[in-house]
Amino acid sequence: MKSFAVKHRGLVKKDNQDLFLVKKFDDGCILLAVADGLGGMVGGKRAAETAKECLKNFNPECQAVEAHIEELMQEANRRIMETVEKEPNLEGMGTTLTAACVRNGTVCWAHVGDSRLYLFRGDELRQITEDDTMAGFLLSEGELTKEEARIHPGNKLVFQCIGGSGEFEADTGNFKVEAGDLLLFSTDGLHDEVPEEEIVSALRSDKDLEEKTDDLLSAALAAGGKDNIAVVMVEV
C-alpha cells in the first residue's frame, strides 16, 4: 500500500487545528486518521493532539479492531475531560476523529464528528462515514442532496465529538478493499469547500498519489481556504 498525507492551515485561520496520522506496522497493516480540533485555537489543537497520541497506542495484533479503535477514542475523551477539569478556560475543547486500520484486505474504521472516510473504486466515490451534523442528518433523511448539504449552514453544527460534552458514541464498521482502490480521509476544510464532482475528477486523473493529494489541497485553497485542511490518501 502507498500512502500520502498533507495538512494546511488554509488562507484565513491563524493556526492549524487539523491533524493526520499515518502509522505503518511490521506486519503490513497501516493505521490512518484525520482529526479536526474544535473549541478555540488552543483547546481545539490540544484536543486533536490528544486524540492522535492515544491512537498511537493502537495494537496491530488486536482481534476486534473497530472496538479497539473506539476504546482509544474513549481514552482520548477521558484525557480531554481531565484537562478541562484542570484548566476550566478550555471548556468546550474537542475534536472530530475518523480512523481506520487496513489489514489483510479489510478496512476497519471508527468515526465521530464531521471528518470523513471515502472509498474510491471504479471511478466512483462512496462516502463511508456519515457526518454528525444537522446537514448530515438532513442528508440521511433524504431532505437534502449532497451538494445542498455541503453548503447548508447546518454543516457547521456538530452534534458530537471527542471531548466537548464529555460523551459520544462512535460509528464503526468494516469493508473489503481491492487492488486499485483509493481511500480518502478528509477534514471539512476539503469536503465542505470542494464539490464532490471536483474531488472525483482529481481522483480519476492518471497522476500519482502525491500529485492527487496535492491537487485536492490546491482545490480547497482555490475555493477560499476558509478552514484548516487535512487529507490522507491510500492506494491499495
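# Helix packing, rings and loops

Trainee: At roughly what angle do the axes of α1 and α2 cross?

Mentor: This is a predicted model, so let's read the geometry as computed. The axes of these two helices come within 9 Å of each other. Between α1 and α2, the crossing angle is roughly 140 degrees.

Trainee: Is the crossing of α1 and α2 left-handed or right-handed?

Mentor: Two packed helices are described by the angle between their axes and the distance between the axes. Handedness is a further feature to look up for this pair. For α1 and α2, the crossing is right-handed.

Trainee: Which residues of α2 does α1 meet?

Mentor: Look at the α1 side to begin with: R46, A47, T50, A51, C54 and L55 take part. Across from them, in α2, are I69, L72, E75, A76, R79, I80 and T83.

Trainee: Now to α6 and α7: are they roughly parallel or antiparallel to each other?

Mentor: Helix α6 covers residues 196-204 and helix α7 covers residues 209-222. Their axes lie 9 Å apart, and the packing angle is about 155 degrees. Since an angle over 145 degrees counts as roughly antiparallel, α6 and α7 are roughly antiparallel.

Trainee: How far apart in space are D208 and E235, C-alpha to C-alpha?

Mentor: D208 is also in the loop between α6 and α7, and its relative accessible area of 44% makes it partly exposed. In sequence, D208 and E235 are 27 residues apart. In space, their C-alpha atoms are separated by 9.7 Å.

Trainee: How many aromatic pairs does a search of the whole structure find?

Mentor: The search turns up F25 with F58, whose ring centres are 5.8 Å apart. The planes are 55 degrees apart, and the pair is tilted. F25 belongs to the loop between β2 and β3, F58 to the loop between α1 and α2, and the two are 33 residues apart. For the whole structure, the number of aromatic pairs is one.

Trainee: Which residue lies over the face of F20?

Mentor: F20 is in strand β2, and at 24% relative accessibility F20 is partly exposed. Leaving aside neighbours within four places, the contacts of F20 include A5, V34, K52 and V232. At 6.0 Å from the ring centre, the residue over the face of F20 is K52.

Trainee: Is V12 buried or exposed?

Mentor: V12 lies in the loop between β1 and β2. Away from its neighbours within four places in sequence, V12 contacts G224, G225 and K226. Its relative accessible area is 54%, and the cut-off is over 50%, so V12 is exposed.

Trainee: What is the value of phi of N104?

Mentor: N104 is in the loop between β5 and β6, and at 74% relative accessibility it is exposed. N104 is a residue other than glycine, yet its phi is positive. That phi is near 55 degrees.

Trainee: And phi of D123, near what value is it?

Mentor: D123 belongs to the loop between β7 and β8. D123 is partly exposed, at a relative accessible area of 41%. Its phi is again positive in a residue other than glycine, near 70 degrees.

Terms used. Residues are numbered from 1 along each chain as its sequence is written. This is a predicted model: local features need pLDDT of at least 70, side-chain atom pairs count only at pLDDT 80 or more; totals for chains, interfaces and linings use all residues. Side-chain values use heavy atoms; hydrogens and water are left out. Rings of Phe, Tyr and Trp (its six-membered ring) pair if their centres lie within 6.5 Å; planes under 30 degrees apart count as stacked, over 60 as edge-to-face and the rest as tilted. Helices (H or I, at least four residues) and strands (E, at least two) are DSSP runs, numbered from the N terminus. A charge sits over a ring if NZ of Lys or CZ of Arg is within 6 Å of the ring centre and within 35 degrees of the ring normal. Buried means under 20% relative accessible area, exposed over 50%, partly exposed in between (1.4 Å probe, protein chains only). Contact means heavy atoms within 4.5 Å. Axes are lines fitted to C-alpha atoms, for helices over the stretch in contact, and angles run from 0 to 180 degrees between N-to-C directions. A crossing is left-handed if the near helix is turned anticlockwise from the far one by less than a right angle, and right-handed if clockwise. Angles under 35 degrees count as roughly parallel, over 145 as roughly antiparallel, 65 to 115 as roughly perpendicular and the rest as oblique.
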